Amino acid sequence: MNALDNPGEKVVVLEVSSLSVSYGKVDALHGLALKVHRGEIVTVIGPNGAGKTTLLCALIGLLPARGEIVYLGERQGSGRSVEMLVRQGMTLVPEKRELFAEMSVWDNLLLGAFDRYRAGHRDQLETIDEVFDIFPRLMERREQMAGTLSGGERQMLAMGRALMAKPRLLLLDEPSLGLAPLVIKEIFRTITQLKKLGVAILLVEQNARAALQVADYGYVLETGELSLEGPSRQLLTDPRVIESYLGLGGRH
Amino acid sequence: MNLQIALLLGQDGLTNGAIYALLALALVLVFAVTRVIFIPQGEFVAFGALTLASLQAGKLPGTIWLLLALGTLIAAIEGSLAMRRRQFRRIPVILLVNCGVPLLLAGGLAAISAATLPLPVQVLLALLLVVPLGPMIYRLAYQPVAEASVLVLLIVSVAVHVTLIGIGLLFFGAEGSRTPSFTDVSFEIGDTLLQGQTLLVVVASVVLIIVLYLFFERTLYGKALRATAMNRTGARLMGISGTLAGMLSFTLAASIGAFSGILISPITTIYYDSGFLIGLKGFVGAIIGGLASYPVAAAGAILVGLLESYSSFWASAFKEVIVFTLIIPVLLWRSLKARHVEEE
């Protein structure tokens, strides 16, 4: 919580430079550099197939990557794995949610705290209460099977489950995907709430307007390379961003 | 066939069926979590029974050598990995767990005469000797190819099975063993005699099934195993590694196998290769459950036990044929019934 005490000092949670990922001979990402500070929402926007999901999968260790990844001041070596990064407080909410469909909402949430439980922290019940404060809907649905939830509730459960790990860096992959506009609004309101908890958030989105409205800083990813970056307020008014990603209100 | 024979056969079938049910559950568990069709499941039955028998005969069971050898191998692999990653602090732990504990066990066995110990202690010792082989075999044979296809994993299973059969012959010899009955109590129901041992097998199996159920429903580790079976990626993202889940499920499978072997060894003579056939019958049960449903697998295994016992009365020469032919109508029914639903 140091960063919140002295807001002048920005603690870098994640710093990536010249990150490249390839599927066989095809380069999916090329020479990426980005930075996320504590208590900050950083968004990466871009069209379909730009490599947004690939970026997050590479960061959490699901995909092998080249380049330099410094997480919490530590250079990630070749031996990095999903399990190690989860232990260090990095959590991914994947695009497909990846819930445990035939288990109750409650059990899904509990499993979110599995790694903390294994490391000896037995505070999962208090953490569940905190998550229920953020997502009261999950409280109502706690006995229900995850597979029977609506799209919005699934996204809430996926985010709640990730929060159970008390992450320091939360990677969100397209939280708005397939959701109704009203639900998207609610989800994004929650994302701004999370920021107040001191979590660093890297938000990957196709819904550029919504993402830039909640984020502090933004990057634009196009065909595997970062083409633009800047404070999100600036990007919202950048003509290049408006032209390609925001569109003019009346045009469509 | 009169009622008395029918009851006797039913009793026999239920006893064997209970054992098959335990093995079927282990097979479903291992397949659901790791996608491994665990053919060597039966070897744990034989190893459990024969280890107990040699402890009771006052011999040093051969399984201790296997434990030492696998432990040393794993310590060498893990140790060199830790060196390469410069995690030197892990090395003493690796050595202690993989070499120290088996050595301690070996020393203890050499120092005391296991034959004089009370039966529960002997059973515990046998379990201590056989159960660690499960996770060790996972570490050595399956973990390096954990991401491979089901077919590759099946081929590895066949290799492990053949190897263990050979090792079993080397350690325990070609003669079979039968351990003394746990209990001499018997009950008379009408004209039929109900053996205490038979009752013990059924009760112990039911208790074990309840314990497994509670483990999967109530504990976080049990839930983590179920989660891995449902969604591997989701589980990994929660920090439940495939390795942890694999180790855990192989430990459970080895425990179930060894325990089953100890339970039936007073009823049937067990040879070094008897486990395979027993495991296969559990497998038929698991197939009836589609390698997915625990209750159907258990029920199927009991059906296998009953079918086996009644067919041994009517057509004893065709006993095995009848049991294994059961797979054909089951597969036919399953493939006709299966809806091909695209996963998300």
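Visitor: Take Lys166(A): is Lys166(A) buried, exposed or partly exposed, and how many other C-beta atoms lie within 10 Å?

Guide: Lys166(A) is partly exposed, with 18 other C-beta atoms within 10 Å. A residue counts as buried at 20 or more such atoms and as exposed at 12 or fewer, so Lys166(A) falls in between. Keep in mind that this is a predicted model.

Now place the residue. Lys166(A) sits in the loop that links helix 8 (151-163) to strand 7 of chain A. Its backbone deserves a glance. The phi angle of Lys166(A) is near 50°, which is a positive value, and the residue is not glycine.

Chain A has another residue of this kind. Ser18(A) also shows a positive phi, about 40°, without being a glycine. Its setting is a strand, namely strand 1 (residues 12-23) of chain A. Ser18(A) is exposed, because 11 other C-beta atoms lie within 10 Å.

Chain A is split into domain 1 (9-89 + 167-177 + 185-247) and domain 2 (94-165). Their C-alpha centres are 23 Å apart. Where they touch, domain 1 of chain A contributes twelve residues and domain 2 of chain A contributes nine. Three elements each supply at least two residues on the domain 1 side: helix 3 (82-87), strand 7 (169-173) and helix 9 (181-196) of chain A. Helix 9 of chain A gives the most to that side, with three residues. By class, the domain 1 side holds six nonpolar, three polar and three charged residues.

Strand 7 of chain A covers residues 169-173. Leu171(A) is worth a stop. Beyond its neighbours within four places in sequence, Leu171(A) is in contact with Leu56(A), Leu59(A), Ile60(A), Met90(A), Thr91(A), Leu92(A), Val93(A) and Leu202(A).

Leu171(A) also belongs to the largest nonpolar core, which has 164 residues. Within this core, Leu171(A) and Ala24(B) touch the most other members. Helix 1 (residues 3-34) of chain B provides the largest share of the core, 15 residues. Both domains of chain A give residues to this core, so the core lies between them. As a general rule, nonpolar side chains in soluble globular proteins tend to be buried together.

Step back to chain A as a whole. Chain A has twelve helices and ten strands. Along the principal axes, its C-alpha atoms fill a box of roughly 45 × 45 × 45 Å. A compact globule of 252 residues would have a radius of gyration near 18 Å, and chain A agrees, with 18 Å. Of the 252 residues in chain A, 46% are buried. Among the contacts in chain A with a separation of 6 or more, 68% join residues 24 or more positions apart.

How confident is the prediction here? The mean pLDDT of chain A is 90, and 94% of its residues reach 70 or more. Helix 4 (residues 105-112) has the highest mean pLDDT among the elements of chain A, at 97, while helix 1 (residues 2-5) of chain A has the lowest, at 44. Over residues 1-5 of chain A, pLDDT is below 50. That stretch has ten contacts in the model beyond near neighbours in sequence. Where pLDDT is low, the predicted coordinates should not be read in detail.

Finally, turn to the partner. Chain B has 15 helices and two strands. Its C-alpha trace spans about 75 × 60 × 35 Å along the principal axes. For 344 residues, a compact globule would have a radius of gyration near 20 Å; chain B has 21 Å, which agrees. In chain B, 42% of the 344 residues count as buried. Of its contacts with a separation of 6 or more, 77% are between residues 24 or more positions apart.

The two chains meet directly. In this contact, 17 residues of chain B touch 21 residues of chain A. On the chain B side, helix 9 (220-230) and helix 10 (232-237) each supply at least two residues. Helix 9 of chain B gives the most, with six residues. The chain B side comprises seven nonpolar, five polar and five charged residues.

Conventions
Residues are numbered from 1 along each chain as its sequence is written. Chains are lettered from A and ligands numbered from 1 in the order in which they are written. This is a predicted model: local features need pLDDT of at least 70, side-chain atom pairs count only at pLDDT 80 or more; totals for chains, interfaces and linings use all residues. Domain bounds come from an automatic or database domain assignment. Two residues are in contact if their C-beta atoms, placed from the backbone, lie within 7 Å. Helices (H or I, at least four residues) and strands (E, at least two) are DSSP runs, numbered from the N terminus. Ala, Val, Leu, Ile, Met, Phe, Trp, Tyr, Cys and Pro count as nonpolar, Asp, Glu, Lys and Arg as charged, and the others, Gly among them, as polar. The radius of gyration is taken over C-alpha atoms; the globule rule is 2.2 Å times the number of residues to the power 0.38. A nonpolar core is a set of buried Ala, Val, Leu, Ile, Met, Phe, Trp, Tyr and Cys residues joined through C-beta atoms within 7 Å. pLDDT is the predictor's confidence in each residue, from 0 to 100.
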